[in-house]
Structure formats: C-alpha cells, structure tokens
Amino acid sequence: QVQLVESGGGLVQAGDSLKLSCAVSGLTFSINDMVLAWFRQAPGKEREFVAHISWSVGSGSYADSVKDRFTISRDNTKSTVYLEMNSLKAEDTAVYYCAARNYYVSLYKYWGQGTQVTVSS
C-alpha cells in the first residue's frame with residue numbers, strides 16, 4: 001500500500017520560510033510514473049491545489065497564489081518530495097497534504113495525513 005508521510009509543519013511568523021517533506025513508500029509501480037502534489041485546506045475553506053511535480057520530469061507547476069514564493073522538488077535517493085515555502089503570509093495558514101497519482105490517471109488516489117502550517121501576522 002502506498003504511504004505518504006508529511007513532516008515539517010509548524011508555527012512561523014509572516015515573512016519566514018518553512019520546508020515541508022513527504023516521504024513516499026509502498027509503491028506498486030515505478031516512481032517515475034508518479035505525479036506528486038501538495039494541497040492545503042484552511043479552516044472553513046475547501047481544499048485547494050498548491051503545486052505538483054512529475055517525478056520523471058522534475059519540473060513543478062504552481063497555483064497563482066504561491067507562484068514565486070513556493071518551490072516543489074523531489075529527491076530520487078530518498079523518494080521524498082519537498083515544498084519549500086518562502087515569504088509566508090497569514091493566508092498560507094492551513095493543513096498541508098501530500099498527494100500522489102499515477103501519471104496516466106487524473107485522480108489523486110493516495111493522500112498523507114497532513115501537516116499543520118500556521119503563519120502569525
């Protein structure tokens with residue numbers, strides 16, 4: 001069973017940086033066929049897309065709200081995807097979830113448990 005385990009959340013001040021990690025294990029298909037993504041859900045709001053990366057290509061795509069502030073990357077040796085968040089704002093406060101899907105399927109089937117990020121203003 002595919003498992004995604006997030007870490008790195010916490011309480012920071014506006015303008016600070018934080019780096020989230022998502023360790024991937026239990027794959028039943030090649031990791032090169034995976035797309036990894038970060039989503040977030042703020043209190044009282046729907047879950048929203050933040051960024052994704054195709055494991056084989058290595059380049060990311062971002063929501064407009066985080067573009068130029070967040071960077072998604074992956075480490076092949078550790079089967080881990082990262083989300084580096086800079087210039088954090090209060091509106092970035094949310095539970096951040098790591099998600100994964102097969103490249104050939106549009107639905108994100110696998111989800112982590114989430115990690116809380118709180119930005120104080």
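Predicted model: local features only at pLDDT ≥ 70, side-chain atom pairs only at ≥ 80, totals over all residues.
I'll start with the overall picture. The protein has 11 strands and 0 helices. Read from the N terminus, the order of elements is β-β-β-β-β-β-β-β-β-β-β. The C-alpha trace spans about 45 × 25 × 25 Å along its principal axes. For 121 residues, a compact globule would have a radius of gyration near 14 Å, and the protein agrees with that, at 14 Å. Of those 121 residues, 41% count as buried.

Now the salt bridges. How many are there by the rule used here? The count comes to 4 salt bridges.

One of them pairs Arg40 with Asp92, with the closest N and O atoms 2.9 Å apart. Arg40 sits in strand E4, residues 34-41, while Asp92 is in the loop between strand E8 (80-85) and strand E9 (94-102), so this pair ties together parts that are 52 residues apart in sequence. Are Arg40 and Asp92 buried or exposed? Both are buried.

Asp92 has another partner. It forms a salt bridge with Arg69, where the closest N and O atoms are 2.8 Å apart. This pair also links distant parts of the chain: Arg69 lies in the loop between strand E6 (60-62) and strand E7 (70-75), 23 residues from Asp92. Arg69 is buried, as is Asp92.

Which residues make up the network of salt bridges? They are Arg40, Glu48, Arg69 and Asp92.

Lys67 and Asp64 also meet through their side chains in a salt bridge, at 3.1 Å from N to O. Lys67 has a relative accessible area of 41%, so it is partly exposed. Asp64 reaches 66%, and therefore counts as exposed. In contrast, Arg40 and Asp92 are both buried.

Last, the surface. Tyr103, Tyr104, Val105 and Leu107 form a nonpolar patch there, and together they have about 490 Å² of accessible area. Where does Tyr104 lie? Tyr104 is in the loop between E9 and strand E10, residues 110-111. Its relative accessibility is 65%, which means Tyr104 counts as exposed.

To sum up, the protein has 11 strands, a network of salt bridges that includes Asp92, and a nonpolar surface patch that includes Tyr104.

Methods
Residues numbered from 1 in each chain as written. Heavy atoms only, no water. Helix = DSSP H or I, 4+ residues; strand = E, 2+ residues; numbered from the N terminus. Buried < 20%, exposed > 50% of the residue type's maximum accessible area, 1.4 Å probe, protein only. Patch = residues over 30% accessible without salt bridge, like charges linked within 9 Å, V, L, I, M, F, W, Y side chains within 5 Å. Areas by Shrake-Rupley, 256 points an atom, 1.4 Å probe, with all protein chains shown as cover. Rg over C-alpha atoms; globule rule 2.2 N^0.38 Å.
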